[in-house]
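Please look at the sequence and the structure shown here.

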Amino acid sequence: MNFRMIRNILGWLLLFECGFMLVPAITAIVYGESQLWYFLLTMLLCGGIGGFFAWKKPKDSALYAREGFVIVALSWIVLSLFGALPFFLSGSIPNYVDALFETVSGFTTTGASILTAVEPLPKCILMWRSFTHWVGGMGVLVFVMAFVPLSGGQNMHIMKAESPGPSVSKLVPRVRTTALILYSIYLALTFIQFILLLCGGMSVFEALTTAFGTAGTGGFGVLNDSMASYSPYIQIVVTVFMLLFSVNFSCYYLILLGRFKDAFNTEFRRFVYVVGIAILVITLNVRGTFATLGEALRHVAFTVASLISTTGFATADFNAWPELSRTLLVLIMFIGACAGSTGGGLKISRLMILLRGAANELGNLAHPRRVKRVTIDGHPVEPEVIRSVNVYMMWYVLVFVGSVILISFDDHDLVTNFTAVTATINNIGPGLNLVGPTGNFAFFSLPSKLVLIFDMLAGRLELFPMLVLFAPGTWKK
Amino acid sequence: MNIMIVGCGKVGQTLAEQLNGEGNNITVVDTRANVVSDLTARLDIMGYVGNGATHTVQQEAGIDKTDLLIAVTGSDELNLLCCLIAKRAGRDCLTIARVKNPAYSSEADYLKDELGLAMVINPEHAAAAEIARVLRFPSAIKIDTFAGGRVELLKYKVPEGSRLTGMAVKDVVAKLGCDVLVCTVERGDEAYIADGNFVFEEKDIISVVASPKNAADFFRTIGYKTRAVKDVMVVGGGETAQYLCRILHRAGVSVKIIEKKSEVCDELCIKFPDVNVICGDASDQALLMEEGINRASAFVALTGIDEENIFLSLFAKSMGHPKVVTKINRIAFNDVIKHLDLDSTIYPKNITADIIARYVRAMKNSMGSSMETLYNIIQGKVEATEYTVKAGSPVTGIQLMKLNKKRDVLVAAIIRKDKVIIPRGSDMILAGDRVVVVSRAKMMDDIADMLA
């Protein structure tokens, strides 16, 4: 294990976090808020420690798969530990574990909150809360890699460990250029949404925080009722962008290159089908609770987009909808967005591989000597990918069940526990019952909160980096 | 520059590594998925699995944005087909094909012109040429030539009790009276670009630049017998051996080849009637003794198995005092091999990579002075490059000692018309000169890069 190199990269990460905090610091200056000092203090701390570790590049810069996983996992933990300081120091969230929960929820783009009311909080704190979504959405190490030449070819191990989806492919030969392209697309889409929200009459502050929350598919709002009190125009804009941000970003790159056929691949089309069918069925199911069909459609489309993109904004209390709708909504929480997007969940492409693999194996029962490969878009899926997807599913279930059992000690009802874990491990935010769109996570005990913090990190990093931390072989010399 | 490499064998991987290290965007294509995924995990490059000679795969791998396609699969025909298709599909895509079959390679120029290739490379032939050079001048471990052979760069290991030990670099000319320039010194795992105060030690590997005649004088002065090899024992009758036979035959050297397969033996004795072909297994010591390994003045191991080559060479060294040349294709333990008691080791993949890297760098600086040759004289650490200097270059007309050069840059030779100048501080570079520069690896694209 190359500890020097890990330290060096963590140092760079803290330097970047120091830079990220400029955003809330500037907000504090604009609104003349005294919390500025807590941000400056944290920046000083990040800058000092980060600078110390990043100062000298170790001679041996070799990184292997093992280091890649550990770097990603530790980075996110360190990022969250320092990111929580402003919340805690300023007294906005008096308990450090609560502050950590909120920060992890932010960086992992979950959007689950322990705050009962957000409106009284200072603007700079709210800005930091939303900005963590934007930073975490595309992956913070990808961001670091876009600007700092870390090490030779082994950057791919980091990108693989941080990017969502069953297999990661670069857009162009160099990891750095790939990271720059992805961030440019991300930035451009965020900016377009920001402008559209401004046109809808939002203030600059609201438009920025909402755009950050949507782009990262996070879901922290700045109003207590999330998106419910905004105009239909704004709700529609947010609906569209939630869906846009849950599409694989390489689609946009291919569209820019004019390769439309490659861009609208099977995963994209399946995503569209799933969204379409879910909206149709749920709209018919909840038709009666709304005044007009148009209104029903708007709220359902918003909710479906919000949950499948794993954002977690809400315009209506879907906890009060009929059981069929509630069940379908929980189902799409698991499905999640496309691979290579900022969304969470199991990912469409992973499910496609799982289902096709399962169908294949079933066929093999009847024809034991049949040879058939799982293909996606005409390309055969490598057996290692299928295996890793199966293993992923296995661990997903294990972590899920384990977490539900652990938080059951708090003695809340099963739906609450089940959907609390669903909402955190899939990085969504709200669940059902007590953790529904009108509720929050404040009532959980301290150990349960730690379990959910782990779930959020594990879900965002797609399990393996977090699990590798606990594998005994990882730390052996 | 965007470069596509078709074929991820030994040569393809070496090329990908070297060209990627020089800042090019590399895409590799191979039919073997595991090879591609291993290589893309190791290097920051893009990989595609598929047949690189098909239009679809080339399209998918982005041939329309590729500046240079290098086809180095194991099959000559496939390589040529790759280049043909890329030529049609790509926008002004230059192509380089590896052609190793002697039947095609004798028509290399015809192929190049008719098929519109930028270059045809033949690693086996290049390796054979290098082997022939060290056989002609066995005191040196390695000989690289510049300006069509008018300047040579020779590597030499300082033996125990040599006159050179304890001598400083600046005294070489005065004390020995030879017009040579010491360029680099390798000591242990370190490589130095020599400055005047450097003092030689035993077992240093030094490289000197000189004209061929002065080089011979130098070696005679330091007490080294320099007689060209008269008879060679070669093990393995593959393509490299055949090229070597042809070159050595022209130089009047008698050759004995030991080859296992009788079909290959038949083919060899038809092609080279003067060569003594022995059909047998060279790993059999009795056979080697019978054929007089202890009396041969040179021994060249060219089998397809690196380990066998190394062992055969060590055995030959232990039996007598021949000049031993070892071909190493695949294995990458350079540091270990360096410490073995071998004379000259030949890496065909590195020779090829040097040739192509030279071409790529020359392509990058289409203006300014053009790079003629590139050698990695110490693999990955020190390289020698040769340029034709054009009028108006910032290095011309200034005495070398007044030139504001970077550290670790040495002007090793100036070739003006037919005259070779081993430059001293008062010499200057003029337009039209050919100049050999020794520098740290990957520093130089243009001769102006040597200025600070």
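Predicted model: local features only at pLDDT ≥ 70, side-chain atom pairs only at ≥ 80, totals over all residues.

Residues are numbered from 1 along each chain as its sequence is written, chains are lettered from A and ligands numbered from 1 in the order in which they are written, and side-chain values use heavy atoms, with hydrogens and water left out.

Q: What area is buried between chain A and chain B?
A: The size of an interface is often given as the accessible area lost when the parts come together. Buried area is the accessible area (1.4 Å probe) that two parts lose on being put together, summed over both. Carbon and sulfur atoms give 44% of the area between chain A and chain B, which is about 1100 Å².

Q: Which residues line the largest cavity?
A: A cavity is a set of points on a 1 Å grid over the protein atoms alone where a 1.4 Å probe fits but cannot get out, and lining residues have an atom within 4 Å of a point. The largest cavity has a volume of about 30 Å³, a volume being the space filled by probe spheres set on the points, which are joined across faces, edges and corners. Its lining consists of G345(A), Y392(A), Y396(A), I425(A), N426(A), A458(A), G459(A) and L463(A).

Q: With which residue does E462(A) form a salt bridge?
A: A salt bridge is a side-chain nitrogen of Lys or Arg within 4 Å of a carboxyl oxygen of Asp or Glu. By this rule there are 26 salt bridges over all chains, but 0 across the interface of chain A and chain B. In the pair formed by E462(A), the closest N and O atoms are 2.9 Å apart, and the partner is R350(A).

Conventions. 1 Å grid on protein atoms, 1.4 Å probe; cavity = no way out; pocket = protein on both sides within 12 Å on 5 of 7 lines; lining within 4 Å.
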